[in-house]
Amino acid sequence: RVHGLGCPSFDAVLEVYLVAQRRLGEILSAVEYLDRASLETAVSAGVGRDPMRAPHPYYLVLETTGANADHDRAQIESFVELAAAESLIGDGVVAESQAQFEQLWRLREEIAPSLSHGGNVAYKYDLSVPQRLFPVLVSEIEALARRAGDDNVVRVLGYGHIGDGNLHLNVIARRFTDATTALLEPRIFELVAAHRGSISAEHGIGQGKAKYLHYSKSRAAIGVMRQVKAVLDPRGILNPYKVLPGDE
């Protein structure tokens, strides 16, 4: 089953996640996070509508998968009752059909394709940071754009896999420009490094982030990586120009 939850604060998001781990245990199979801007971006692109009766600043999509319907229902009811009693959720919906199941997941999964709706472009960052920093990074980049007077930036939003601290930070802009790129990079990576995070969580370093690898790896670690690369790929023909800086 899939459950959509609206939370009044990010502290509530973190508490809901902890309560879900305790009360749902082995039947908890997915916990996805999205902020209000992410939901609005998907809805404005025609993905669907806000499933809640009123807007919330933060949302969670939880999926449960179990083998005993009665047992699972009791666990879910216990979880919802506790979260509601502690005012951790302002509203919630449960998918009662396959169509509703798919619609709730679409609101999360189609955020990325929605970023370019209306002719916009998106600067996309796949980051690994402590969970508490999810909204902080969004606010920091919003403030950065305001201070710089960069009217090319349309919206900053964040969503991702809260269980493993994987934030998809996206900056929607009217177009790609050198000025906006210079504003965002390496500032975003500096913020991540300051909190001992990683500049790449699940999508790898590739070519685009190679020159910023030092924000996640020490000089010594990069040196060892080069040594391993030299032993296994002395001719530099395996996945060339990727991961290691200065290998162009």
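Hi everyone. Let me start with one definition: when I say contact, I mean heavy atoms within 4.5 Å. Keep in mind that what we're looking at is a predicted model.

With that cut-off, let's pick up Leu169. Setting aside its neighbours within four places in sequence, Leu169 touches Tyr123, Lys124, Tyr125, Leu127, Val138, Ile141, Val156, Leu157 and Ile188. Leu169 is also among the residues with the most contacts inside the largest nonpolar core, together with Leu60, Leu62, Leu127, Ile141 and Ile162. That core has 56 residues, and helix H1, residues 10–24, supplies the largest share of them, nine residues. Apart from this core lies another one, of 20 residues, including Ala42, Val61, Leu107 and Ile172.

Now, over to helix H3, which runs through residues 69–85. From first C-alpha to last, its 17 residues reach 24 Å, close to the 24 Å expected at 1.5 Å a residue. Which residues of H3 are buried? They are Asp72, Gln75, Ile76, Phe79, Leu82 and Ala83. Looking down the axis of H3, the buried residues fall within an arc of 135°, so they line one face of the helix. What covers them includes strand E1 (2–7), H1 and strand E3 (58–64). The face of H3 turned away from that buried side carries Asp70, Glu81 and Ala85, which are exposed.

Finally, the two ends. At the start of H3, a side-chain oxygen of Asn68 comes to within 3.2 Å of the backbone nitrogen of Asp70. Just after the helix, Ser87 takes a positive phi of about 60°.

Terms used. Residues numbered from 1 in each chain as written. Predicted model: local features only at pLDDT ≥ 70, side-chain atom pairs only at ≥ 80, totals over all residues. Heavy atoms only, no water. Core = buried A, V, L, I, M, F, W, Y, C linked by side-chain atoms within 4.5 Å. Buried < 20%, exposed > 50% of the residue type's maximum accessible area, 1.4 Å probe, protein only. Helix = DSSP H or I, 4+ residues; strand = E, 2+ residues; numbered from the N terminus. Expected span 1.5 Å × (residues − 1). Arc of directions from axis to C-beta. Polar contact = N/O pair within 3.5 Å; in protein donor to acceptor, adjacent residues only side chain to side chain.
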